[in-house]
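Reader: Hi! Could you walk me through this one? I'd like to start with the strands and then hop around a bit.

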Amino acid sequence: MMINADDAQLRRHLRDAEVPALLMTVAHLTGDTSILRDDLRCEGWLFLPQGGLTARRREEARALAAGLLARLRDGAPVPPLDARTLHRITSWALGMDTADLVPLLAEEIVPPGADPKAPGWNRDDLPGARDVEVAVVGAGMSGLLAAHRLKQAGVPVVVYEKNGDVGGTWLENTYPGCRVDVAGHLYSYSFAQRADWPYHFGTQENLRQYFADFAKQNGLYEHIRFETGVRAAAWDEAAGRWRLTLDTPDGVRTATSTVLVTAVGQLNRPHVPDIPGRDEFAGPAFHSARWDHGVNLAGRRVAVIGTGASAVQFIPEIARTAGEVRVFQRTPPWLRPTPNYHQPVASGLRWLHQHLPYYAAWYRFWLLAPGLHRVLDGWVVDWDHPPTERAVSAVNDGLRTALTGYLRGQLAGRPDLEPLVIPAYPVGARRVLRDNGTWIATLRRDNVRLVSERIERITPAGVRTADGVEHRADVIVYGTGFAASEFLAPMTVTGRGDVDLHRTWNGDARAYLGLTVPGFPNLFCLYGPNTNLAGHGGSIIYMSECGVTYLLDAVRHLLGAPHRAVEVRREVCDAFNAEVDAANAERAWGFSKVGGWFVNAAGRSAQNWPFPAQEYWRRTRRFDPAQYLHLR
């Protein structure tokens, strides 16, 4: 990677740069931190494009950067990113002392090819290492990551994947408009960055291809058994192993492993509500996660049930050609303004990612920063405020005002929509969705109608609401999300003493660090209970990288231990969950009665991580054998 542009070309490329990331990159590469001026850091930069800087300030910053980068192009050496420089730059960026974040950020802000999170050991180098084999269920984002790290460490690993290829949710969800709601340069492995993302927020195909390329480049396909689902897993106490029952193309088969890793995700099983008459509808009906591409929607009357994340993506797409779209909404979503949500990455920005050393790393930090600082503050309940179903704190109320203004600004001439699209619940009590103005523009279309009346039943001809109106439809699409609370379903998991995991959980899943469960030796869950981030972290990939670090350290322990299995102590797990529950009760989703997938049927959040993202990193750095029973 090198700067191979003359002055005019460099200035042209810098026009597309994100100024906060550019300033941090230049300060690092030149060692000249005087460019990190207070007047070039806006308080709103964590949330606004270009840091909320005025056009004049942006031009000034780019001119400063061009002059300093020209020196680097002409042969000035690039200084290493030492802890002192990292601390100085990130403290300026966040407007706070980042000393406690420096160890975490040192693993994130790295040049291409660097992999500081890789296991620093290999099984072949451990004297007297035991035989340990690992079975991973799922070849999505978390499963591929686990397989890669285990392979790096020389530990035998097999991945069982029910589909015919890798990618998980990005293979299965193919509905129109499907894309990620985390910026692509952040929704990727920290050590395997893609420099040429075509869009700021990757499409389903972009992401599916990213994970397929990762698997190919790292030789993971040879470890994956495709079209093989794990029907059941049972702990064999006598053998000290997991016995797996597999559904394969050749029928039911069995296999064993020392360690079982589940990487099936939280948002992988479509939820179709049990509406009376659901099976009576005469036309095609399907869930967005199982999109029926054989059904032509052009010119037809389409009823869409739900206005969650997937629905807000596909409804604008189908509304362009459908004759009529009736959208049945139970609860409106809060929308986060994201002007570049559908935009391609500009050519100059692509050039910077590919040719300016460390720019991609600092850009990634720029995307990560809101989750490390301030976002969670907006969800925390302030009992002195006092909290209400309007807002849980003064900060939260400020977010409500800002987002309400964003929505109202798009409703001119449509006062009928305002009470339907402005939520009554606190911001953050449900998932906040990305938006660039497309959603309200779609609801304003002549062929789209938003219906808030409760659905009474599905009829052969359409959808009947509680006011007695029958909304006739040719096709019904369920945009009703996933069974997020049904962890590991439909797989049967049986632990010590023939204890069934789903009966133990009884619809209210709990685990230590979201990873391990009392009574289930050598079982590790990735994206398990209470590991979902509600906008206050990088992405689920960040959480999975933390979880896999913990998993690898546990496997290293087992390789050298005199015992065959480890099982988290119940008191350790219970104390952790008590801490999590207490914190979740003081977050917007725990306080509000609005409901949604952040809260399960028991009224508890088994999904969300209520602490800062760096706290999960801290707790998963090392496997502590003292917290576990050792089973021989």
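**Strands, cysteines and a loop**

Author: Happy to! Val158 in S2 is the bridge partner of Ala135. Before we go on, this is a predicted model, where local features need pLDDT of at least 70, side-chain atom pairs count only at pLDDT 80 or more, and totals for chains, interfaces and linings use all residues. Residues are numbered from 1 along each chain as its sequence is written, and side-chain values use heavy atoms, leaving out hydrogens and water.

Reader: Thanks! How many bridges join S1 to S2?

Author: Four bridges, with S1 (residues 134-137) and S2 (residues 157-160) running parallel. Strands here are DSSP runs of E, at least two residues, and helices are runs of H or I, at least four residues, both numbered from the N terminus. Two strands pair if DSSP finds at least two bridges between them.

Reader: And what is the order of the strands in the open sheet?

Author: The order is S3-S2-S1-S7-S19, five strands with parallel pairing. At the edges are S3 (224-225) and S19 (523-525), each pairing on one side only.

Reader: Which strands does helix H6 lie across?

Author: H6 (residues 141-152) lies across S1, S2 and S3. H6 runs at about 160° to S1, with angles taken from 0 to 180 degrees between the N-to-C directions of lines fitted to C-alpha atoms, for helices over the stretch in contact. Contact means heavy atoms within 4.5 Å.

Reader: Nice. What joins S14 to S15?

Author: A hairpin, through two residues. S14 (residues 455-459) and S15 (residues 462-465) pair in the antiparallel sense over four bridges, and Arg457 stands opposite Arg464 in S15.

Reader: Is Cys525 buried or exposed?

Author: Buried, at 2% relative accessible area. Cys546 is buried too, at 5%. The cut-offs are under 20% for buried, over 50% for exposed and partly exposed in between, using a 1.4 Å probe and protein chains only.

Reader: Last one: where is Thr331?

Author: Thr331 is in the loop between S10 (324-328) and S11 (335-337). Thr331 counts as buried at 14% relative accessibility. Leaving aside residues up to four places away in sequence, Thr331 touches Thr307, Tyr425, Arg430 and Val594.
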